[in-house]
Amino acid sequence: MVALYIFAAVFIKRAESKIKSQDGRVNVLILGKGGLGHAGADLTDTMMLASVSLAKHSVNLISIPRDIWIPEIRAKVNSAYYWGKEKPEFGGGLSFAKKNVEAIVGIPVNYALVLDFSSFKGIIDALGGVEIDVANSFTDNLYPIEGREEDTCGGDKEFKCRYETIHFEKGVSYMDGTTALKYVRSRNGDNDENTDIAREARQQKVISAIKSKILSKGTLLNPFKLYKVWKVVRSSIETDMDFFSMIVLGREMLNVDGNIQSSAIPEGLLINPPESQKYDYQYVFTPKVAGNWGEFQNWIKETLSKN
């Protein structure tokens, strides 16, 4: 038994020495893509920076708006992963996404992982569902029905058959995978739930709920449930983290004990310029001063220093 403890201590120490970090922090870019059967399968509409403090045993979650304009590729930041895969000279999807996010946030991004949201509901169902505290009641009358994207709807010019109405009531709700996926993806809800910021807040809630369920005793002490979750995760996540890094971050997540801070970008740090040829007539975000991310980066550093 003593030998086992010594081995574990040496193993953890070796793992800690191998993990990439700066100033005691490991920064992980979490991306969520639609996956097969979803329009823009490799567009990462969910972009979140998770900064893990190895000293404070805390995590900061900061959402990165998908509509940030990247002049160098003449596209939004949510397409960086796609272009990294398409063009070999960009070094791969994960690498190119990290490079572009680093230029925006002003701190190193050590690792990245991409979660295929077509398998997102499988993870939640393997966990037996998750509990979500819905902040606002809202209804979305234009939620797209998977597989009907090209349906002509018998000539209906409004293409009503392509959509369904979904509704969420304020308060704690227990969601299965299908319901949680709709909650995360909804873009046309009322009650101010139709903005990117509102959608990003919902994404953070669901990701946090998944983390809490995975780290609960009901999951950690149930090998059958753990195996089901691992099978889904293994097939739905792409990452550049090595085994040692996963061990260290996994242990840190166990030590966090609820010390997780979710931060929304304050109004005014980004602007939404008029749609024009400069941005290919797209809805985009840019820094207040063209090409200068200084104020945004100062906010990132100040936010991380608090936790």
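Contact, on this tour, means heavy atoms within 4.5 Å. You're looking at a predicted model, where local features need pLDDT of at least 70, side-chain atom pairs count only at pLDDT 80 or more, and totals for chains, interfaces and linings use all residues. Residues are numbered from 1 along each chain as its sequence is written, and side-chain values use heavy atoms, with hydrogens and water left out.

**Stop one.** Select threonine 46, in strand 2 (residues 46-53); strands are DSSP runs of E, at least two residues, and helices runs of H or I, at least four, numbered from the N terminus. Threonine 46 is buried, at 4% relative accessible area (buried is under 20%, with a 1.4 Å probe and protein chains only). Now show what Threonine 46 touches: Ile30, Leu31, Gly32, Phe117 and Gln203, leaving aside residues up to four places away in sequence.

**Stop two.** The axes of helix 5 (residues 177-185) and helix 6 (residues 196-214) come within 8 Å and cross at roughly 150° (axes are lines fitted to C-alpha atoms over the stretch in contact, with angles from 0 to 180 degrees between N-to-C directions). The two helices are therefore roughly antiparallel, the label for angles over 145 degrees.

**Stop three.** Switch to the largest pocket, with a volume of about 1,500 Å³. Centre on Leu113, Ile214, Val233, Ile237 and Met253, which lie nearest the pocket's centre among its 40 lining residues. A pocket is an open set of points on a 1 Å grid where a 1.4 Å probe fits, with protein on both sides within 12 Å along at least five of seven lines, and lining residues have an atom within 4 Å of a point. Finish on helix 9 (residues 243-256), which gives the largest share of the lining, eight residues.

Conventions
Angles under 35 degrees count as roughly parallel, over 145 as roughly antiparallel, 65 to 115 as roughly perpendicular and the rest as oblique. Buried means under 20% relative accessible area, exposed over 50%, partly exposed in between (1.4 Å probe, protein chains only). Grid points are joined across faces, edges and corners, and a volume is the space filled by probe spheres set on the points.
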